Each structure stands twice: as structure tokens, then as C-alpha cells.
Amino acid sequence: MKNTPFVILLILTLIAEAAACFIMVTKIQDIRTDPVKVNECMYSVKDNYGDPSKYDTQLDYVVIGNDGGLVYKTRDGLSETVNDAIKTRGLILDLEVGGEVIGKVIFDYNMGEQIEGIRMNIIILFTIVAVIQIVIIVIWYIYLKRTLITPFSKLNDFAVRVAGGNLDLPLEMDKGHVFGAFTESFDLMRHELRKARLAEKKASDDKKEMVAKLSHDIKTPVASIKSTSEIGMELTKEERTKEMFGVINSKTDQIKLLVDNLFTSSVQDITEIEVNPGMQPSDFIAGLIKNSDYMGRTGSFSIPECNVYFDKLRLQQVFDNIFMNSYKYADTGISVNSEISGDYLIIKIADKGPGVKEEEIPLLTEKYRRGSNASDKDGAGLGLYLTNYFMEKMDGQLSLKNLEPGFEAAVYLRLV
């Protein structure tokens with residue numbers, strides 16, 4: 001940018017202000033009566049007292065008697081009394097003739113008027129310099145507005161359009177301003193972003209289409225598994241085997257619902273997992289827990305009768321994730337306890353495993369975060385993240401803490 005002339009002019013005006021200040025301060029310091037001239041005037045009055053025609057008049061002064069009466073003055077407008085002289089900061093000397101003080105000589109150089117004159121000169125000088133500086137700044141602003149601010153505003157508008165997804169309108173090119181060299185590069189960026197956006201959309205559409213096809217293909221084997229489990233449950237006579245077939249049947253229903261959600265999200269481009277909570281009796285919860293505890297490690301437990309607010313499918317996923325973590329990291333017995341406290345039905349699921357480090361507990365509900373003791377186990381760090389997500393969507397809470405020994409996950413379901 002060609003800003004050097006403006007900078008030089010402003011520096012010169014600042015130097016002029018500094019020089020003016022120095023000169024004016026020096027003048028103020030120089031406001032005083034010349035002692036040589038004062039002595040000459042005093043001796044002329046003393047030696048020629050009574051003959052004013054021989055008095056030295058190179059300085060302005062007044063001669064008064066001991067009674068305060070006026071004896072002589074070089075001109076009108078001077079301080080004629082001691083009090084007036086003190087007010088104007090005049091020099092007052094005793095007039096001694098023949099060894100006797102007969103009056104006083106007042107040298108009145110009117111320091112106030114001289115200072116006022118210097119002050120007015122300072123004001124005039126600084127006003128002129130300030131006007132010059134304002135003119136320079138205004139011209140500089142006009143120059144910057146034409147060469148910097150207006151082009152930058154156009155670039156900003158262009159960036160806003162690009163951020164808003166408008167990649168079709170090209171950027172007006174003008175190489176006469178400071179950003180002229182960048183204009184073409186910005187427009188090339190817009191062109192490349194447009195190409196990338198189209199390629200991204202095509203890749204996204206292809207991905208959604210693939211997910212939709214896979215979702216549809218998964219339904220067939222799941223339906224076969226469900227049919228087989230239903231037939232096996234009808235044919236077997238052993239209660240334990242019937243129970244296991246029942247678990248398989250329940251899990252196939254859950255898989256079918258999850259696949260349906262996956263299919264829907266891929267087709268409708270949904271960016272978050274759908275959760276549809278509603279009032280449900282707590283009777284369902286025991287069955288959901290047993291479905292999740294397919295290894296039968298919980299033993300007996302009971303759930304208080306009440307109405308709670310949850311999504312049956314998502315609560316099943318919550319219990320599945322908690323039990324899967326316990327199976328994977330603790331591999332011990334599991335206890336289930338429940339109680340009603342305040343506005344919540346609290347279900348506490350605890351194992352006897354090693355737990356996690358205290359400082360890591362708040363991180364377990366973050367996406368892709370796992371405890372340091374899980375490095376040798378398979379997992380993506382999404383289980384507790386999704387569990388916490390589902391609980392928040394159902395107006396509930398997930399609480400995690402270490403026990404002595406073991407680890408506890410408490411599910412808070414809102415009462416209705």
C-alpha cells in the first residue's frame with residue numbers, strides 16, 4: 001500500500017508540534033527582567049532623583065514615595081501600588097538616596113500579559129497543526145476506503161455468499177485495488193469449492209444408497225433368524241431352551257427396528273438418532289433388563305410399580321450397552337437395584353470389576369472416548385456416549401461411579 005507519504009506528513013506535523021512546545025516553554029522560562037537594565041535604571045533614578053528628564057527609560061517602571069504616592073512613571077497603565085505590583089508579579093526595589101530609603105521603584109513587565117500572549121500563540125499554532133493533521137487523516141481515510149475498505153467489504157460479501165452455499169456467482173475482478181492480486185485466487189477457490197460440493201453430494205448420495213441397500217438386504221437374514229427362533233421355541237420342551245429362543249426372538253425384533261431406523265436415516269438424511277419417549281409402565285423394564293442380560297448374571301431383582309417416561313427401543317439399547325460393557329471389562333456377577341427418589345425411578349446396575357480411574361469417569365460419555373484400561377479390548381468408544389444421548393433425549397440421566405470394588409451405572413427415568 002502507498003501509505004508512506006501520509007505517514008511522513010503525520011510524523012512531520014508531530015515533530016512540528018514537539019518543536020513548538022519546546023520553543024514556547026523556552027519563551028515562558030525567559031520571561032524575566034534583565035538585571036543589568038534594572039541596575040542601570042535604579043542608578044539613574046538614584047543619582048538624578050528629582051530630575052526625571054535624566055532617568056533611564058529603557059524599562060517600564062514607577063517610582064513611589066514612602067507614603068505610597070506616585071513620584072514618577074515611564075508610561076500609563078503600569079502598576080502604581082505595591083499590591084498591584086505583587087498581583088502582576090512585578091519587581092519591587094527600595095530606592096535609597098543619601099543612605100536613606102525614600103521610596104520604592106516598581107518594575108512592571110506584566111508577566112501575565114506575556115504568558116497570555118504565548119498561550120494564544122500556542123493555541124493558534126496547535127489549531128493550525130491539528131487542521132493539517134485532520135486534512136491528512138481525511139485524505140488518508142478516503143484513500144484507504146477506495147483501495148482497502150471497499151474492496152475488503154466486497155471480499156467479505158463474497159465470503160458470506162460462499163459460506164451460505166452460493167457458489168455460482170463469480171467474484172467481480174478489479175486489479176486496481178490492494179486485493180486485486182487475490183481476487184482471481186478467491187474466484188478460483190469458489191470454483192474449486194463448487195466442484196468439491198458437487199463431488200461431496202454425489203458421494204453422500206452414493207453412501208446413502210449403499211446404506212439403504214444394505215439395510216434392505218439385512219432384513220432377509222434377520223427375518224429368517226426370527227422365524228427359526230419362533231419354530232425352535234414351539235418345538236422345544238426345556239424351559240431354559242425356550243428362554244434362550246425367546247432372547248433370540250427379542251433381539252431379532254430389536255435388530256429389525258434398528259435396521260429400519262438406519263434405512264430411514266439414509267433415505268431422509270436425518271442427522272440425529274430419533275428418540276420417541278412416552279409414558280410407559282415400569283413393568284416393561286424388568287423384561288428389557290433380562291433381554292440385555294443374556295448371560296443371566298443379574299439374579300433376582302424387582303422394579304417398583306410406577307409410570308415412567310422412556311422410549312422402549314432406546315431404553316433397551318441403554319441396558320444393552322451397560323451390560324455389554326460389564327461383560328467385556330468386568331466379567332463378574334451383576335447386581336440390579338432400583339428405587340424411587342424425587343422425580344426419578346433410579347435403576348442401578350453394578351459389577352465387581354476394576355472400574356476406571358476417577359479422572360476418566362466424566363470422559364466416558366464423550367464420543368470415541370474409552371478408559372485407559374480398555375486398550376486391549378475391542379470397541380469404538382460409542383456405547384456410553386449413545387447411552388447418555390438416549391437418556392438425555394428421554395429427559396433422564398446417566399450417572400457413572402466407581403464402587404469398592406466394582407463400577408456402577410445408574411439410569412434415571414423421569415416419573416410421570
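Predicted model: local features only at pLDDT ≥ 70, side-chain atom pairs only at ≥ 80, totals over all residues.
The protein chain has nine helices and ten strands, and buried residues make up 31% of its 416 residues. Of the contacts in the chain with a separation of 6 or more, 60% are between residues 24 or more positions apart.

**The sheet with β1 to β4**

- Let's start with an open sheet of four strands, which come in the order β2-β1-β4-β3 with antiparallel pairing.
- β2 (70-73) and β3 (91-97) are the edge strands: each has a single partner, so one side of each is left without a neighbour in the sheet.
- From one strand to the next, the twist averages 25°.
- β3 and β4 (residues 100-107) run antiparallel and are joined by seven bridges.
- If you want a spot to look at in that pairing, find L95, which stands opposite G103 in β4.
- Helix α2 (residues 35-47) lies across β1 (61-65), β3 and β4, and runs at about 35° to β3.

**The sheet with β7 to β10**

- Another open sheet of four strands has the order β7-β8-β10-β9, again with antiparallel pairing.
- Here β7 and β9 are the edge strands, and each of them pairs on one side only.
- The twist in this sheet averages 20° from one strand to the next.
- β8 and β10 pair in the antiparallel sense, over seven bridges.

- Which residues of helix α7 (residues 283-292) are buried? They are I285, L288, I289, N291 and S292.
- These residues cover an arc of only 160° around the axis, which puts them on the same side of α7.
- A handy bit of background: an α-helix has 3.6 residues a turn, so residues three or four places apart point the same way.
- Over on the other side of α7, D283 and K290 are exposed.
- N291 counts as buried because its relative accessibility is 18%, and the cut-off for buried is under 20%.
- Not counting residues up to four places away in sequence, N291 touches V247, S250, K251 and Q316.

**The nonpolar cores**

- In soluble globular proteins, nonpolar side chains tend to be buried together.
- The largest nonpolar core in this model has 34 residues, and the ones that touch the most other members are I285, I289, L315, F319, I347, V411 and L413.
- The elements that give two or more residues to this core are α7, β6 (307-310), α8 (312-329), β7 (334-341), β8 (344-351), α9 (383-393), β9 (397-402) and β10 (407-414).
- Which helix gives the most to this core? That's α8, with six residues.
- Leaving aside neighbours within four places in sequence, L413 is in contact with I285, V308, Y309, F310, L315, D343, Y344, L345, I347 and M391.
- There is also a second, separate core of twelve residues, which includes V38, M42, L59 and L95.

**A closer look at F323**

- F323 lies in helix α8.
- Is F323 buried or exposed? F323 is buried, because its relative accessible area is 0%.
- Setting aside neighbours within four places in sequence, F323 is in contact with I289, S292, D293, T298, I334, V336 and I349.
- F323 and M295 are 28 residues apart along the chain, and their C-alpha atoms are separated by 9.6 Å.

**Cysteines**

- A disulfide is a covalent bond between the sulfur atoms of two cysteines.
- How many disulfides are there in this model? The count comes to zero, going by the rule that two cysteine sulfur atoms must be within 2.5 Å.
- C41 counts as buried because its relative accessibility is 0%.
- C306 counts as buried too, because its relative accessibility is 16%.

Notes. Residues numbered from 1 in each chain as written. Heavy atoms only, no water. Buried < 20%, exposed > 50% of the residue type's maximum accessible area, 1.4 Å probe, protein only. Pairing = 2+ DSSP bridges. Axes fitted to C-alpha atoms, helices over the stretch in contact; angles between N-to-C directions. Contact = heavy atoms within 4.5 Å. Arc of directions from axis to C-beta. Core = buried A, V, L, I, M, F, W, Y, C linked by side-chain atoms within 4.5 Å.
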